[in-house]
Amino acid sequence: MNWMPAIFRRRKLYDDLSEEMRLHMEERIEQFEREGLSPIEARRQARIAFGNLALVQQRSREVWQWPTLESVLADLRLALRQLRRSPGFTLAAVLTLALAIGANAVVFSVMNTFVLRLLNVPRADSLYALQHANKASGHQSYLNYIDLRDRNRSFDGLIAYNVSGAGLDTGGNPTSSWIEEASGNYFDALGLHPYLGQFFHAADEHGPNSAPYIVLTYSYWHTRFQDDRSVVNRVVRVDGHPFTILGVAPPEFHGTLMFFNPDFFVPLVEDNLLNGDDMSARGSLALFETMGHLKPGVTPAQAEADLNSIGAYLQKTYPKEVGKMAFVLRRPNLYGDFLGRPVKAFMAGLMLLTTLILLAACANLGSLFAARAADRSREVALRLALGSSRSRILRGLFTEAIMISLAGGALGLLGSVVLLRALGAWQPFPGYPIHQAVDPDAMVYIVAVLLALVSGLLFGAVPVRQVMRVNPYEVVKAGTGRIAGQRTSARDVLLVVQIAICAVLVTSSLVAVRGLARSLHANFGFQVQNTMLASTDLSMAGYSGDRVPAMQKRMIQALQALPGVEAVGFADTLPLGTGLNDTIVFSDKTSDLRPSNATADAALLNVSPDYFRAAGTALLSGRSFTWTDDKNSPRVAIVNREFARKVLASGAAVGQNFKMKDGTRVQVVGITEDGKYNSLTEDPVPAMFLPILQSPSTSTQILVRSSRDPQILGPAVRSALHQLDPAVPLDIETRDKPMATLLFGPRMATVALGVLGAMGALLSITGIFGMAAYSVSKRLRELGIRIALGAQRREVLQTALGRAFKLLAIGSAAGLLLGILASRVLAYIVYQATPSDPLVLGGVVLAMALLGLVAAWIPAQQALSVNPLALLREE
Amino acid sequence: MTNPSPRDLFPGALEMMILESLRRQPAHGYALVLHIQQRSNNLLQVEEGSLYPALQRLLKAKLVKAEWGVSATNRRVRTYQITASGLRHLEQQISSFERMFQGIALVLNPSDSPAS
């Protein structure tokens, strides 16, 4: 409808009207004057003849106006009265919608927070992170970063950062904390201003370990320093080294990775001191991510071309260290595509499913409304006969629908806000600063209200055709009950659609649950059971150089001495843990060791002699490492089967050689089974294990294999290690704890799908119940006659519920088929989610049949208990 | 209003009379009033003003159209003209009202009923 022209046109209409009436009066006055009245008397008589001028004008204008507020209020009052007359219907409708809209609001809020919203920094829309074109990763070496930063013409300052752990000691209380090591230009390029004190700047960097400053995040300042404003310029110890607190970052900024909340920021040039990384090695990808604001007018495509030309230059200049270097720009929030793609896919899938829930709810309410309209056809006919217009009656029906949908929307939104509060405060990974407040913003409210309105219009529209067809004469003459004669009504179609949607949801949730169950019992390439994990980083206690392996050996010996311990081993990183390294390797025949000639990219773990026994990884052939595999003995490695297949020549693998990135020849001394290293869903990955004494690391993940109760073993491990050096910070947990982190995604997916599946089941119950109850109540008289004529219980049930079950069967079959198709999307997130699983298929069929039975139980009882005598007497 | 005017006999009657007048010839508001009063032999004492809301309704329903012009007596007037759909509407109304009048007449004078 065109509002604006209508308003302007109305002004002209009013003007015409006034002018016309003025001319009318003039003509009448002249007429009276001609008849001999005095001018004053003529005017008076003309007024009397015309009537109330103002009232006439008002009535004439009203013709052109919208239905006034008054009549809208009247509609509302009528709708309220109608709804109050059937509280059960109203409550069921509002609750159904509240559930559906609540689910949509929750999912949309989460999607809004993680996918739609940008990072909370100024000009976030021009902030892009660099991602390798061939891999969802942003890792970069420091020297490459410097070149990219200084040679590009597209960014207003390219920043880099690293995520790391560090021990912070403000005076006798070392605690491990999470930090972002940031380039000097970090805060300035992001356009941030300190909440307190000041930031570090690019000018503070003068080579390695030249800027011993830290900047606290606001929340860490709040919790650890209790908002103490005098912390600025205080000297604290980070990993035992003195650092000065420069300032506090603004409250809304918690680092450049969305849900990761570091405690403080340290200049990247201090990395050497804190982590011992070799920043001067061009081949060592020590940086986690680089990003920057595009200069005004520069498009992402132009910036990519610019970066790629620098990449080509670097590859040409440093062929040994730099492989093919091409970039794509991505949003930094979720570390580019690495988390971004699965999260986006998952959220889109979830959004689709919740939309389906809403559609099913609308179908449900639509059929309820249609049934209600059918019951009210007499009332509608009467109103039509009394001169009401059809549009007026439809307006009433829509007002009812919209009122229900708005009430349901408000309730659903309220519930979702409560749920989201809890979700935002939840820390899913103990020990990691990973959490993200999911605050519903204006966007969420708008979407919820829109959804409510649209669904109200959707299910309100179902009975329109019915009302338009009502013939007042027929209905009043024939009474009710003769309308239920059509073969397939819109209600049947709606029910089938609704059941199909619900079957999709039930199928998806069963597929997800099965997938999760399977991935929990998959072969990881190591045994999770009966293993304790004690992890530490010796650098946090000030160990370095030769003191590190010596201490590690003492720790192993101390733990081996504990009663009931079968094996103790350690590694610098664990499979399926955080920070797993990988490196390129070359076959023994390769002589030109440029990265593009690499034979494979293999996972790299540095492990102690007894690691394999402690981890429960089967050694298929060859030998394990010993303490004599140290710096003075030849370089050796144990590789998995995939590595042997890809890198080594055919034949016996043990005894063959391969080359490392720097050209070192390494001899394979053992073969282990394949396992999972980076993710549960990965295809077989080549992996190699090197003796820890040949490549020492301060990061120490000790595995203790023992069948003793972890409740007893844990404290024993802690006290044994504590006696060696109380300054070493320790995390002790069972081996399956960190695995929970890994299964977080699939688990969340399963919970979400489970909830949606339950909602789908609930909706199909209400749908079938509504349909069955309605058809039984409509046909009570017919059923009574059948019973009076001697129909058996089976036949009565057949008559009463046959249709409902037929519809259930059709809907379920369609839903199952669609669900199987939809599950292909699920395979993305839930490991081993496959719909072609007899258990799943059987489960869905069984579930839908059970739902049908539950829903039809009460109507069936009603049908069977029909008393023909009572019914016939009533007529 | 305190003044219950005896304007409409039943809803739509005034509109019907206006349409009927306009079918004979286009006219402006004042002329319509005069015409209706004369034709009804002044039996229908209609307040002149009540014509205008009815005219607006007809305009809105596009049963008539209006144009500013100059009358034969050289006055500036807004002349109304019946449209094609106005004509159709009028015919329907008349036939249905005729049936109604018949019915009313039968009820009021049962002795005249041809059926009995």
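**View 1. Where chain B meets chain A.** Here 18 residues of chain B are in contact with 19 residues of chain A, contact being C-beta atoms, placed from the backbone, within 7 Å. This is a predicted model, in which local features need pLDDT of at least 70 and side-chain atom pairs count only at pLDDT 80 or more, while totals for chains, interfaces and linings use all residues. Residues are numbered from 1 along each chain as its sequence is written, and chains are lettered from A and ligands numbered from 1 in the order in which they are written.

**View 2. The side of chain B that touches chain A.** At least two residues each come from α2 (29-39), α3 (51-60) and β3 (76-82) of chain B; helices (H or I, at least four residues) and strands (E, at least two) are DSSP runs, numbered from the N terminus. With five residues, α3(B) gives the largest share.

**View 3. Two crossing helices in chain B.** The axes of α1(B), residues 13-24, and α2(B) come within 10 Å and cross at roughly 100 degrees. Axes are lines fitted to C-alpha atoms, for helices over the stretch in contact, with angles from 0 to 180 degrees between N-to-C directions. Look for Met17(B), Ile18(B) and Ser21(B) of α1(B), which meet Leu32(B), His35(B) and Ile36(B) of α2(B).

**View 4. Chain B as a whole.** You can find four helices and three strands in chain B. Starting at the N terminus, the elements follow the order α-β-α-α-β-β-α.

Terms used. Two residues are in contact if their C-beta atoms, placed from the backbone, lie within 7 Å.
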